[in-house]
Amino acid sequence: MRVGIFGGGQLAQMLVQAAISLGVEVVICERTPDSPAARYTQHAVVGPWEDEAVLAAFARQCDLVTLENEFIDAGLLERVVALGAPVWPTLATVAVVQDKLWQKERLAAAGLAVPPFRSVAAPDAVLAVAKEFGWPLVLKARRNGYDGYGNATLRGPADVVPAWERLTRGGSPLLVEAWVPFSRELAVMVARRRDGATAVYPVVETVQQNHICQVVYAPAPVEPAMAALATELAVAAIEAVEGVGIFGVELFALADGRVLINELAPRPHNSGHYTIEACVTSQFEQHLRAVLGWPLGPTAMRAPAAVMVNLLGQRNGPINTSAITAALAVPGAHMHFYGKREERIGRKMGHITALADTLAEAEAIARRAAALVAMPS
């Protein structure tokens, strides 16, 4: 089998690594050459995705196509299907999930718990919603937002216009959500095949800073009832959007025991990177199994606890190639460096996962290694 992947970043890179073990060839389609994923395969198509010749060259090399992220316009996926390569997840699923308003509407229509939300067409509409929901609010770009780049927290009327101007620069319409006073942020990876068979990973806790994931704790230190509720919601959400492949489901846990769905990602997700070492089947292998229609793998953890720490850029400039050397000496620390040529402040440059008998022990190992990763100018 030959699987095509739209995108060549770290998620595609780790998909390629999983594909090698399965004997699956991969074709990368990326706008620019020398992407991290393309370095691991003989097959790459480079050029503007809007170019029909690029799409045709890509489609004719693939038995099926999947995606690294949800920012690819559904119209482009439709062209790939017309050119003879099926796309999983389907363009209908991607169209719903890539628009946060449509995503919330689909989940709400399925009776699933989500924060109160409204579509807004102007700053005055945000002020009107504030009278209903109260402050603070969260203003979001409906499309193409990630790692906090498409979000703004509004604490009062003075925040509305500056946030509106910043978030609308990319051309996306906006929505506004009520602030959720969560006690924890949770996430669940759910894999689903075309026939509806599912495989679910343990519920994890994610710790965010400036809307960027910093740490993932697996399993989440929550009561069994909350973990069961989060799992039930996550599976129902992926069924509601008829997902195929691996999906990341982000959730809010409230102090009163309720759980709300925050957002869905129709692809491998940062909160699932720990599965590479910690689970019998990684999220990347599982995604390939799901889109290929193969048997889904077991999701059990290999150790009682795992912690993943993201390595985020501390400056802007070229990568220091010796950055990870010291961290490699930490026993039990599993290093993943994404091979990006340029470091940017807050950019995800890699991650470290550690396994142990307790979350505290795993976190100590991962943080010790992360502290030794030096990226000086």
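The following legends describe close-up views of one predicted model. Local features require pLDDT of at least 70, side-chain atom pairs count only at pLDDT 80 or more, and totals for chains, interfaces and linings use all residues. Residues are numbered from 1 along each chain as its sequence is written, and side-chain values use heavy atoms, with hydrogens and water left out.

**View 1. An open sheet with parallel pairing has 4 strands in the order S3-S2-S1-S4.** Helices (H or I, at least four residues) and strands (E, at least two) are DSSP runs, numbered from the N terminus. Two strands pair if DSSP finds at least two bridges between them. Strands of a sheet pair through backbone hydrogen bonds, either parallel or antiparallel. At the edges of this sheet lie strand S3 (43-46) and strand S4 (64-67), each of which pairs on one side only. On average, neighbouring strands of the sheet are turned by 25 degrees against each other, direction ignored. Axes are lines fitted to C-alpha atoms, for helices over the stretch in contact, and angles run from 0 to 180 degrees between N-to-C directions. Strand S2 (residues 25-30) runs parallel to S3 and is joined to it by 4 bridges; in this pairing, Ile 28 stands opposite Ala 44 in S3. Helix H1 (residues 10-22) packs on the sheet and touches strand S1 (2-6) and S2, where contact means heavy atoms within 4.5 Å. The direction of H1 makes about 165 degrees with that of S2.

**View 2. Strand S15 (residues 305-312) is largely enclosed by the rest of the structure, because 8 of its 8 residues are buried.** Buried means under 20% relative accessible area, exposed over 50%, and partly exposed in between (1.4 Å probe, protein chains only). S15 pairs with strand S12 (residues 212-218) in the antiparallel sense over 4 bridges, and Ala 218 stands opposite Ala 306 in S15. S15 also runs antiparallel to strand S19 (residues 348-356), to which 8 bridges join it. Lys 348 in S19 is the bridge partner of Leu 312.

**View 3. An open sheet with antiparallel pairing has 4 strands in the order S5-S8-S6-S7.** Its edge strands are strand S5 (117-120) and strand S7 (151-154), and each pairs on one side only. Neighbouring strands here are turned by 25 degrees against each other on average, direction ignored. S5 is paired with strand S8 (residues 174-178) over 4 bridges in the antiparallel sense, and the bridge partner of Phe 117 in S8 is Glu 177. Helix H6 (residues 123-133) lies across S5, strand S6 (137-141), S7 and S8, and runs at about 165 degrees to S5. Helix H7 (residues 160-167) lies across S5, S6, S7 and S8 as well, running at about 175 degrees to S7.

**View 4. Helices H6 and H7 pack at an angle of about 130 degrees, with their axes 10 Å apart.** That makes H6 oblique to H7: angles under 35 degrees count as roughly parallel, over 145 as roughly antiparallel, 65 to 115 as roughly perpendicular and the rest as oblique. The contact is made by Pro 123, Val 126 and Leu 127 of H6 together with Val 160, Val 161 and Trp 164 of H7.
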